[in-house]
Amino acid sequence: MAPEPGKLMMVAPRRAKPPRHLADLDVAARREWLVELGQSGFRADQLSRHYFERLTHEPDAMTDLPAAGRHELVERVLPPLLTPVRSLTCDDGATVKNVVRLFDGATVESVLMRYPGRTTMCVSSQAGCGMNCPFCATGQAGLTRNMSTAEIVEQVVAGARMLAAGEVAGGPGRVSNVVFMGMGEPLANYRSVIDAVRRISEPSPSVLGISARSVTVSTVGLVPAMERLTAERIPVTLAVSLHAPDDELRNTLVPLNTRYSVDEVLDAAWAYADASGRRVSIEYALIRDINDQPWRAHLLGSMLKRRLVHVNVIPLNPTPGSVWTASSPEAERAFVRKLEDHGVAVTVRDTRGREIDGACGQLAAATEPQGS
Ligand code: SAH
């Protein structure tokens, strides 16, 4: 339709995308890209090994590449995507929160948690989040944008690099687990997240050495995307942030519930468990006098019993401006016991990173650091 005379056409601003990076592409596409750049395809494998295996993006370290043009090539295919803003540690150095700036100024956070025998990287999949759960700090500022595959992968590589360099308490080590439990709703950025899972778990020449089985994707319950994930047949662990067994309360705690009800979300979760043979995690942030009543524990237990499921109870972590707090220890114990009475496996999640606003639901990264 022709625009009305005298009226300006509204043109949507073109969103700039993060620069393309080797980690955005699968092995075949990387080779094609290098050929497009006038290189031999096998350079893609060499560069992949440097990036994913040796965890370097320093051209000077890549002595198997011809010196002429090496810097330009590396800058082109491994552009720095995350600029460190600050790094905070707690738990005697076993928890590290990294705040980074993306190419367009958006900031995101990731958290590395070291335990005896395993190290988990908690990564963001979006700058901000559009899900608007009132108890979660990330949701309060809304969604800025989806992250690219390479921006997601780079968080894992950055953590792996810190560990390999011995910069994390406990000596040199490696990332064993990745959880999509940082900022954002991973299933609302489906393609990039799935590609990032593939990138993280791919074999040589891009080994980070993390199996898909050690990756957890957490969702508020985007049912169509859960169904897509089921069909994908990647053996990740699916975590569902339930927080209430009844629609009335869940509609307020997880607004998306007005679109996909508790029953629909759980049905999609059981379909995933059936297809994958993997235990689904149910996340339940326990909020004093809001969702911690014995009758809700009983209802939840009766809905989950005899299912391939594990419940993670998360004591609510405080977020700025929220009036809600964690349940009393007695209420928490009673809640857990009621679930166990139904034969449901339950763990109470630790509150790693609370002092550095790095615990579940505390990642905000909305403001720039003062005075820097
Ligand atoms: N959007 C996805 C991924 C984020 S995972 C999801 O919601 O599943 C972060 C987990 O921490 C989710 O289970 C979320 O519900 C939970 N969470 C959010 N805010 C919290 C808070 N203040 N205290 C404890 N857990 C919280």
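Helices (H or I, at least four residues) and strands (E, at least two) are taken as DSSP runs and numbered from the N terminus. The structure is a predicted model, in which local features need pLDDT of at least 70 and side-chain atom pairs count only at pLDDT 80 or more, whereas totals for chains, interfaces and linings use all residues. Residues are numbered from 1 along each chain as its sequence is written, and side-chain values use heavy atoms, with hydrogens and water left out.

By the domain assignment, whose bounds come from an automatic or database source, the chain comprises domain 1 (22–77) and domain 2 (83–367). The centres of domain 1 and domain 2, taken over C-alpha atoms, are 33 Å apart, and the contact between them (heavy atoms within 4.5 Å) draws on 15 residues from domain 1 and 16 residues from domain 2. The size of an interface is often given as the accessible area lost when the parts come together. Expressed as buried area (the accessible area, with a 1.4 Å probe, that two parts lose on being put together, summed over both), the value for domain 1 and domain 2 is about 1300 Å², of which 56% falls on carbon and sulfur atoms.

The ligand is surrounded by 21 residues, with F135, S218, S241, H243 and N317 the closest; a residue is counted as near if one of its heavy atoms lies within 4 Å. This shell divides into 10 nonpolar, 9 polar and 2 charged residues, where Ala, Val, Leu, Ile, Met, Phe, Trp, Tyr, Cys and Pro count as nonpolar, Asp, Glu, Lys and Arg as charged, and the others, Gly among them, as polar. At least two residues of the shell are supplied by each of β8 (215–219) and β10 (280–286).

Polar contacts are pairs of N or O atoms within 3.5 Å; within protein, one atom must be able to donate a hydrogen and the other to accept it, and residues adjacent in sequence count only if both atoms are side-chain atoms. An oxygen atom of the ligand lies 2.6 Å from a polar side-chain atom of S218, while a nitrogen atom of the ligand is 2.9 Å from a backbone N or O atom of N317. Of the 530 Å² of accessible area that the ligand has on its own, the protein covers 96%, as computed by the Shrake-Rupley method with a 1.4 Å probe.

S328 is placed in the loop between β11 (309–315) and α10 (329–341), and a polar atom of the S328 side chain lies 3.1 Å from the backbone nitrogen of A331.
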